[in-house]
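User: Hey, I've got a protein model open and I'm a bit lost. Can we walk through it together?

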Amino acid sequence: MAQLLTIEDLRIQAKRRVPRMFYDYADSGAWTEGTYRANETDFAPIKLRQRVAVDMTNRTLASTMVGQNVSMPVALAPTGLTGMQHADGEILAARAAAKAGVPFTLSTMSICSIEDVAQNSPAPFWFQLYVMKDRDFIGRLIDRAKAAGCSALMLTLDLQILGQRHKDIRNGLSAPPKPTLANMINLAMKPRWCMGMLGTKRRTFGNIVGHAKGVGDLSSLSSWTAEQFDPALSWDDVKWIKDRWGGKLILKGILDAEDAELAAQSGADALIVSNHGGRQLDGAVSSIAALPGIVEQVGGRMEVWMDGGIRSGQDVIKAVALGARGVLIGRAFLYGLGAMGEEGVTRCLDIIRKELDITMALCGLRDIQDVDGRILVKGKA
């Protein structure tokens, strides 16, 4: 096996090993994919100041995110269908995150259920909530997350309606997946993945099937999800969810300063500057471009994080320098998971940690808490 030194190396390996429909699900954006690409490319013009002849010993990346100690300011983002990148994917990612001392976030649209991950993970995790029209189901989902010991609730606000992702339609991605000839041939070329799936019972949406009214199998799930995302979601719902949950609340999907202000007024503990990985509004600004304005608007009143386009430790330090308290990685850890399972997620986090540590040192700092705009070349942020 070739040396896996970068997140791109993991991506290439994952593309070889994961069936096309599931790889494309993770690695695609809406419409032209312009925002998806901008999330990555907009980091490049941000330049770092190299410093020399300074003490670089005794460095630390330790920080906190919503009061929780983290070994570096990075968390694993909630990603749907994680357990289709690799068998038992959510459990494996949660274990790797716990081992690395960073938070893992379980998606509502996960394959492994909340209870399943709680029973098989060594540390508490965060739970991400999508708001459905069935408020009784949502209330019970919040209660299940509480009962499982989840340490924070992450409410996603930017999926009231689904953006169109052309690759998913062309690949026949649905629940259950369409058994087209092309898909069957592609599956036959991924024996490692197939063997893993044959060896697990976890192959459906564990948080929904058997829990939502009228959803007992994959065929009923498809029609339920198509109807359930709530286009009428409002800030009143955010208040109801905050009160029902009663713990740390993180709002994901903020890209505009006016929405950031409303987020701050809601009493949430943190917000995530995010465009859903470029999977919703194509043509929206990249997350890293939106970050400084949102930090300026609300940074003194709540924690501001970001996700979208993080592919290296250098991306992490640039986000922190622009005011992010932390970042979330989604595709980066999915590449690792698809490439090598739990070991691949560990490799992803190790790559990011090493790059972050070395970059911080070469910028003349020893503590991630001291990183701010001073490490950036003026006029390049």
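Predicted model: local features only at pLDDT ≥ 70, side-chain atom pairs only at ≥ 80, totals over all residues.

User: Where do Trp126 and Trp305 lie?
Analyst: Trp126 is in strand 5 (residues 126–129) and Trp305 is in strand 9 (residues 303–307), so their pairing ties together parts that are 179 residues apart in sequence. Helices (H or I, at least four residues) and strands (E, at least two) are DSSP runs, numbered from the N terminus.

User: Are Trp126 and Trp305 buried or exposed?
Analyst: Both Trp126 and Trp305 are buried. Buried means under 20% relative accessible area, exposed over 50%, and partly exposed in between (1.4 Å probe, protein chains only).

User: And why is the pair of Tyr130 and Phe229 edge-to-face?
Analyst: Because their planes are at 80°, with the ring centres 5.4 Å apart. Tyr130 is in the loop between strand 5 and helix 6 (135–147), and Phe229 is in the loop between helix 10 (218–228) and helix 11 (235–245), so this pair links parts of the chain 99 residues apart. Tyr130 is buried at 10% relative accessible area, and Phe229 is buried at 13%.

User: New topic: helices. What do the axes of helix 14 and helix 16 do?
Analyst: The axes of helix 14 (residues 313–321) and helix 16 come within 7 Å and cross at roughly 55°. That makes helix 14 oblique to helix 16. For the cut-offs, angles under 35 degrees are roughly parallel, over 145 roughly antiparallel, 65 to 115 roughly perpendicular, and the rest oblique. The axes themselves are lines fitted to C-alpha atoms, for helices over the stretch in contact, with angles from 0 to 180 degrees between N-to-C directions.

User: Which residues of helix 14 and helix 16 meet?
Analyst: Gly313, Gln314, Val316 and Ile317 in helix 14 meet Ile352, Glu355, Leu356, Thr359 and Met360 in helix 16. Contact here means heavy atoms within 4.5 Å.

User: How do the axes of helix 4 and helix 16 cross?
Analyst: The axes of helix 4 (residues 89–100) and helix 16 come within 8 Å and cross at roughly 40°. Residues of helix 4 including Leu92, Ala93 and Arg95 meet residues of helix 16, among them Glu342, Val345 and Leu349.

User: What about Cys348, where is that found?
Analyst: Cys348 is found in helix 16, and Cys348 is buried, with a relative accessible area of 0%. Leaving out residues up to four places away in sequence, Cys348 touches Ile7, Leu10, Ile329, Ala332 and Phe333.

User: Which residues in helix 1 are buried?
Analyst: Ile7, Leu10, Arg11, Gln13, Ala14 and Arg17 are buried in helix 1 (residues 7–17). What covers the buried residues of helix 1 includes helix 2 (20–26), helix 9 (191–198), helix 15 (331–340) and helix 16 (342–362).

User: Last one: where is Trp31, and what's its phi?
Analyst: Trp31 is in the loop between helix 2 and helix 3 (34–41). Trp31 has a positive phi of about 45° although it is not a glycine. At 46% relative accessibility, Trp31 is partly exposed. Glu33 is also in the loop between helix 2 and helix 3, with a positive phi near 65°, and Glu33 is buried at 13%.

Notes: Residues numbered from 1 in each chain as written. Heavy atoms only, no water. Phe/Tyr/Trp six-rings, centres within 6.5 Å; stacked < 30°, edge-to-face > 60°.
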